[in-house]
Amino acid sequence: IELADIHNESNYSQKPAQVLIEIFRPWFARTHVGTIERCRALKALYRHHPSATIKLCYGIIDDWGKKSWTQLSPNTMWRLREDSTDCDLNLREEDIYEVFSTIIEIISQEGTLSSEESVKLLSLALDNTIDSKLRKYVRKLLIQHQNELKNQKKFYRTLLKQINKFYCLEDDDLQISYSELKELEVLLKYVTPNNILERLEYLFEDNFHVFPEIREIEDIELKYKKVQEMRTKGVVEILQHIEIDDFISYSMGLKDPDTVFRALALSDKGEKYFHKLYNVAKNKIENAQHVRGYFMEMAYRDRTTFLSNLTVLVEDDFIWYPLCAMRADCDVWNFVERLNDQQQLDYWSHAELYRIRPENVDFLIFKFISVNNRKQVIEILFHVLHFKKEFVPDLALFITALRAILPGMDKDTWKAMNYELSEVLGWVDQQSGISDEEILFLEFPYVMGFQRDISTWRVYHLLLDDPYKMFEMINYAY
């Protein structure tokens, strides 16, 4: 027990603390001593080594929480190593209750609960494999410590998530009774943090089941719309209590800052902080990635106002960044033409297109070729092939574009665009208006790396028919 109380960071599985857990837990106990005797021993340990015993108790709770409900069902066969004449070797509720009630009794004698400890206790309060009497015992303990729990963000977040997760289950799947859930909801209201940021942080997680307000909504689109409304409302509420600089600092520390800034853009305060967010993105490139969603939402919401805001920034070198967040069209490209050479270079080097019109294909391909943006050239060619109802693929344009971008293509672009490039070259390969020499020139350096069957490609048969050509192309490639 003294060794178990010492912090041990080794990789050995049989640490003293783990050995004790395996002796005192009610399932697969590594001893022939019965449950009653072990519980007495646990109480005796607490009298002589309180600190180590408390750690042991929480270790047993944590070990229980790592087991699945199916594994630990009272109807599941467990070979308990205990002195018992009973032939039924099932995991018995009496054993579970005896061990955990002893643990709770010991924990109750402690004056405080830490965040980690209270979350482990919460797992017992919500577990249907423990009888209702014990769950009530645990809830009573948590309620007794509700003053301490009020300042524990982790406990609040875990309780909120679990309660709403249960409400999303069907009645037949519900693991605990509604009366127990209602009791925990009362506790939730009491332990809700006073800090507005801690209270509303759950809004910006991408887990719909943690939102109490959308329990009854079944349609995914309506559910997402409601989530967006809640997030936007939450942002407005937060900004009523803190300054924008504190809001930005807080948002940058979240797991997904983009979600928060998108909500800001959708709120009635989005326009107000445009230039503030622009400077945040400009001053630190890591921040720019997080506020990109803000610019995208602002541009989608009102393109005219968005471009108007950028008009005062035409002399700024970083103007390309919010421009790249816009859905590109002739208005955007006309705006870009007003910028200086370096700004235009930055824009076309970073721009990403998702939908283009047939009349813009030539213009865009040559723009991207001029700044060596190979990825976007391949994207456009791939787009043309997959929307043949709108586009008529021009073989000459394809060959010109491929001749410009394929030589010297870096490994990262090759890996990222492997599928799209194989589709483009596969189409070119099957066209009658291209010579064998052109096929070999374009395809040979890349064709062996495609993750697809190329046995129908002309280049495959050209190399089989005349192996000398392979040596010529290897020589060319080197």
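This is a predicted model: local features need pLDDT of at least 70, side-chain atom pairs count only at pLDDT 80 or more; totals for chains, interfaces and linings use all residues.
**Reading the packing of helix α21**

Student: Good. At what angle do α20 and α21 pack, and how far apart are their axes?

Tutor: The angle is about 155°, and the axes are 9 Å apart. Since angles over 145 degrees count as roughly antiparallel, α20 is therefore roughly antiparallel to α21. The hand is a separate thing to read: α20 and α21 make a left-handed crossing.

Student: Now the other pair. How do the axes of α21 and α22 cross?

Tutor: Helix α21 covers residues 374–386 and helix α22 covers residues 395–405; their axes come within 10 Å and cross at roughly 155°. The same cut-off, over 145 degrees, applies, so α21 and α22 are roughly antiparallel to each other. Their crossing is left-handed.

Student: And which residues make the contact between α21 and α22?

Tutor: On the α21 side they are Arg374, Val377, Ile378, Leu381, Val384 and Leu385; on the α22 side, Phe398, Ala401, Leu402 and Ile405. These divide into nine nonpolar, no polar and one charged.

Student: Is α21 itself largely enclosed or open, and why?

Tutor: Count its buried residues, meaning those under 20% relative accessible area. In α21, 10 of the 13 residues are buried, so the helix is largely enclosed by the rest of the structure. Among the buried ones are Gln376, Ile380, Phe382 and His383, and Arg374 is buried as well. As for partners, the buried residues pack against α20 (361–370), α22, α23 (411–416) and α24 (418–429).

Student: What span should α21 have, and what is the distance between its end C-alpha atoms?

Tutor: At 1.5 Å a residue, its 13 residues should span 18 Å; the end C-alpha atoms are 19 Å apart, which agrees.

Student: Which residues does isoleucine 143 touch, leaving aside neighbours within four places in sequence?

Tutor: With those set aside, isoleucine 143 is in contact with Glu183 and Leu187.

Technical notes
Residues are numbered from 1 along each chain as its sequence is written. Side-chain values use heavy atoms; hydrogens and water are left out. Axes are lines fitted to C-alpha atoms, for helices over the stretch in contact, and angles run from 0 to 180 degrees between N-to-C directions. Helices (H or I, at least four residues) and strands (E, at least two) are DSSP runs, numbered from the N terminus. Angles under 35 degrees count as roughly parallel, over 145 as roughly antiparallel, 65 to 115 as roughly perpendicular and the rest as oblique. A crossing is left-handed if the near helix is turned anticlockwise from the far one by less than a right angle, and right-handed if clockwise. Contact means heavy atoms within 4.5 Å. Ala, Val, Leu, Ile, Met, Phe, Trp, Tyr, Cys and Pro count as nonpolar, Asp, Glu, Lys and Arg as charged, and the others, Gly among them, as polar. The expected span of a helix is 1.5 Å times one less than its number of residues. Buried means under 20% relative accessible area, exposed over 50%, partly exposed in between (1.4 Å probe, protein chains only).
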